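Please read this briefing alongside the sequence and the 3D structure shown below.

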Amino acid sequence: MEKRNKAALTVLLLFSAVLLLWSIFPVSRRVALEIKHKTADLAVSYSDIRTLSKYLKKGTRETLAVCRANGASSVILTPSEMREGLKEAKSAGLEPIFKADRQKQDNLADFPAGARILFVNNEVFDAGIAVARDLKVCLVEFYRPAGYEGINKKNILTLHTLKDRETYSLSTEKLKKRFLRAWSERKTGILYVKLKFNTPDPAAENSLLLKGISGGLKEEGAILGVFKENPYILGGSNNIKAVKAAALLAALLLPTARLYLAFKINAPVLVRFVVMSACSLFAGLIISGLLADTAFMLKLEEFRGVKLALTLPVLAVFLGLCRSEKSVFAGKMLRYAGGGGGVAIKARATTLKEG
């Protein structure tokens, strides 16, 4: 049995080393891209700008200029705002992002070729027109998209924003941290900041919010500008199916080995603890490395197997112990005590046969 355990441990170490080396490739490529590309694009909506203008007692062009001075680079426009807002945005030095809504029957052909489009509810429609006009699709991260399949991945841009209720319920400081984390942790290119109007002084509060986010981005090494090309979507492996299969194997095998070796290694408690911790560490590094592609953050791809990873290792260890420790399980009584009726059910386990 000792030889079998040593052989199993050797195979485990070799398999882990192969997966770890494999996971290093997408991580190193992603790191190289993040070092090279540092653009962070702060966006506000034109409808918010018009509301803010009332508090600032300024025209929309002047308000856009104020937002520009506070770090904003882009403005989000609906089709109905294009005629007025596009001219105002250009005058203030802001680049447009156009919002398209399927339910409102917006026509993608009305937008300029090569424009950035934010689809309402991440629902991409008329993908053929989007491809023909080389439109850049802004997808909100961690929100399941639809209809994106025909879009070239190089034309998919990452965007982070908050729901209206979060914008109004969170403090300015917490909002700032949320947006900074989106860029520092995931290099989300476009940060769409919805302005707050439920404060005593919305003009000062929103100025503080934009300044706080833009200032924090600069401190973290970001370059404020217009995000038009997303290099991070190509930061992982080209064979996404193989990557997901390898991640699933790591999620199943390493936890199983961790639990099994904890029982079978004939070594001091500290050594077994180190072995278990190493298995957990390797599993985390391998899985996070293999899935270090923005496609997973945008839910263009998903890692399927979480339930299997949580249940199969425990089941495998239990069955292995049942097989190897027959004397422990043979002839034992299984008792089930019922509820208020006090009913008890007994069953005698059958002696396990030699495998």
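Cys67 counts as buried, at 1% relative accessibility, where buried means under 20% relative accessible area, exposed means over 50% and partly exposed lies in between, with a 1.4 Å probe and protein chains only. This is a predicted model, in which local features need pLDDT of at least 70 and side-chain atom pairs count only at pLDDT 80 or more, while totals for chains, interfaces and linings use all residues. Residues are numbered from 1 along each chain as its sequence is written, and side-chain values use heavy atoms, with hydrogens and water left out.

**Cysteines**

- Cys138 is likewise buried, with a relative accessible area of 0%.
- The count of disulfides comes to zero, a disulfide being a pair of cysteine sulfur atoms within 2.5 Å.

- Strand β1 covers residues 39-45, and because six of its seven residues are buried, it is largely enclosed by the rest of the structure; strands here are DSSP runs of E with at least two residues, numbered from the N terminus.

**Pairing partners of β1**

- β1 pairs with strand β8 (residues 223-224) in the parallel sense over two bridges, pairing being assigned if DSSP finds at least two bridges between two strands; Thr39 has Ile223 of β8 as its bridge partner.
- With strand β7 (residues 190-192), β1 pairs in the parallel sense over three bridges, and Tyr192 in β7 is the bridge partner of Ala43.
- Strand β2 (residues 74-77) also pairs with β1 in the parallel sense, over three bridges, and here the bridge partner of Ser45 is Ile76.

Methods. Helix = DSSP H or I, 4+ residues; strand = E, 2+ residues; numbered from the N terminus.
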